[in-house]
Amino acid sequence: MNRVIPIMPAAGGAPGAAAASPARAPVPPSGALTDAFGRTLRDLRISVTDHCNFRCTYCMPKEVFGKDYVFLPHGQLLSFEEIARLASVFAAHGVRKFRLTGGEPLLRRNIERLIEMLARIPGVELTLTTNGSALAGHARALKMAGLRRVTVSLDSLDDETFRAMNDVDFPVARVLEGIEAAADAGLSPVKINMVVKRSLNRASILPMARRFHGTGHILRYIEFMDVGQTNGWRMDEVVPSREVVRLVDAQMPLEPVDANYPGEVAERWRYRDGGGEIGVISSVTQAFCRSCTRARISPEGKLYTCLFANHGTDFRALLRSGSSDEEISALLRQVWSARDDRYSELRTQATANLPKVEMSFIGG
Ligand code: SAM
Ligand code: SF4
Ligand code: SF4
């Protein structure tokens, strides 16, 4: 069972209120919003579709997301214009990074047009997370549209393991082509996300490290999480990041690296031989709620303040009823200032069964 780490009250804070530890709390930019624990709004993940061409067993198991599953009809999705307008309001409140996600974001038709619109918002870094299946054909256009970097998910180099994990028999080679096309197009450094599930791909940890050592790509190992309600999560399937680091370090010695910025999700390690770096994302064994600055917008325009939330706040209604930017801002301020999420700090095997939004709906 996971240890519960309470968030400590801030010195001088309101009675009953709590705040992030001063050592880790990001410095709010002027006009920025802070939540009930003093955490700044800094990142926005925008899920542009709930569709995906993969059925990764830890995310969209076929038993649930089979042929009878009802996806959102197109008219319920935010239009590109609506997304861009919402994104500008978030940027005005201190957001400095947008990440497009899904479902599979490259399945959203003309995604490059949305990227062009978001790239015009000043002072915001623009990235995208993809399963890589269609990346080879899109990489150049994405770069030209203004995308800065890309993260590609790849769980194994072993074809049989990868085909079983994506559960649609998709080959590793095509994702590797996508990664190379992204690097060639200048969407670098390319980050590679590997979800590690003990019974499925623990044996792929070292081959993945060897494959990407010295390439300039940054491999990140992610602990298998209890997102949604459908992936049959069990604690004994989680491979703790410290075990991953121990395994890699024994073969290819590592040393820790400082975070790029306060609140960075991945803990960084670099190869002592100069072969680049890896990251570990320990959402289960070392919760990082104290520095969580991320908001998430679902494809139909709901704002979720935590990956494990069970409800979101509807912004589409405002966007479609002629509300002003100030009215949208007011709702955002209200939601963020009341935010007190810290699911990962409270996680137990029992909380895994609570109702939560699906990962394929709001992205990672
Ligand atoms: N379809 C895209 C992809 O796979 O990159 C973007 C959306 S996907 C939901 C975003 C990230 O969430 C991926 O890197 C994926 O591996 C990760 N993910 C999905 N389910 C997860 C789980 N149960 N635990 C940890 N990471 C998960
Ligand atoms: Fe699709 Fe990404 Fe989920 Fe896999 S992790 S099923 S690629 S949304
Ligand atoms: Fe942020 Fe929620 Fe994850 Fe904690 S559990 S780090 S609050 S998204």
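Reader: Okay, where is asparagine 110 found?
Author: Asparagine 110 sits in the loop between β2 (97-101) and α2 (111-119). Helices (H or I, at least four residues) and strands (E, at least two) are DSSP runs, numbered from the N terminus.

Reader: And how do the numbers and letters work, and what kind of model is it?
Author: Residues are numbered from 1 along each chain as its sequence is written, while chains are lettered from A and ligands numbered from 1 in the order in which they are written. This is a predicted model, where local features need pLDDT of at least 70, side-chain atom pairs count only at pLDDT 80 or more, and totals for chains, interfaces and linings use all residues; side-chain values use heavy atoms, with hydrogens and water left out.

Reader: Back to asparagine 110: what is its phi near?
Author: Its phi is near 60 degrees, a positive value in a residue other than glycine. Most residues other than glycine have a negative phi, and most peptide bonds are trans. Aspartate 169 also has a positive phi, near 65 degrees, and is found in the loop between α4 (159-166) and α5.

Reader: Which peptide bond is cis?
Author: The one from serine 188 to proline 189, with omega near 0 degrees. Proline 189 belongs to the loop between α5 (172-185) and β5.

Reader: Switching to the sheet. How many strands form it, and in what order?
Author: Twelve strands form an open sheet with mixed pairing, in the order β7-β8-β9-β6-β5-β4-β3-β2-β1-β10-β11-β12. Two strands pair if DSSP finds at least two bridges between them.

Reader: Which strands stand at the edges?
Author: β7 (254-257) and β12 do. Each has a single partner strand, so one side of each is left without a neighbour in the sheet.

Reader: Which residues are on which side?
Author: Glu277, Gly279 and Ile281 are on one side of β9, and Ile278 and Val280 on the other. In a regular strand the side chains alternate between the two faces of the sheet.

Reader: What does β9 pair with, and in which sense?
Author: β6 and β9 run parallel, joined by four bridges, and leucine 219 has isoleucine 278 in β9 as its bridge partner. Strand β8 (residues 267-271) pairs with β9 in the antiparallel sense, over four bridges. There, glutamate 267 is partnered with valine 280, and tryptophan 269 with isoleucine 278. The hairpin of β8 and β9 has five residues between the strands, and glycine 274 in it takes a positive phi near 85 degrees.

Reader: New topic: ligands! Which residues come nearest to ligand 1?
Author: Of the 20 residues around ligand 1, those are Tyr58, Gly103, Thr130, Ser153 and Met225. A residue is near a molecule or strand if one of its heavy atoms lies within 4 Å of it.

Reader: What lies 3.2 Å from an oxygen atom of ligand 1?
Author: A backbone N or O atom of threonine 130 does, and so does a polar side-chain atom of asparagine 193. For serine 153, an N or O atom in the side chain is 2.6 Å from an oxygen atom of ligand 1. The protein covers 95% of the 540 Å² of accessible area that ligand 1 has on its own (Shrake-Rupley method, 1.4 Å probe).

Reader: And which residues are around ligand 2?
Author: Cys52, Phe54, Cys56, Cys59, Met60, Gly103 and Asn131.

Reader: Last one: how many aromatic pairs turn up?
Author: A search of the whole structure finds six. Phenylalanine 65 and tyrosine 69 form a tilted one, 4.6 Å centre to centre with 45 degrees between the planes. Rings of Phe, Tyr and Trp (its six-membered ring) pair if their centres lie within 6.5 Å; planes under 30 degrees apart count as stacked, over 60 as edge-to-face and the rest as tilted.

Reader: Are those two residues buried or partly exposed?
Author: Phenylalanine 65 counts as buried because its relative accessibility is 3%, whereas tyrosine 69 is partly exposed at 29%.

Definitions and conventions: A polar contact is a pair of N or O atoms within 3.5 Å; within protein, one must be able to donate a hydrogen and the other to accept it, and residues adjacent in sequence count only if both atoms are side-chain atoms. Buried means under 20% relative accessible area, exposed over 50%, partly exposed in between (1.4 Å probe, protein chains only).
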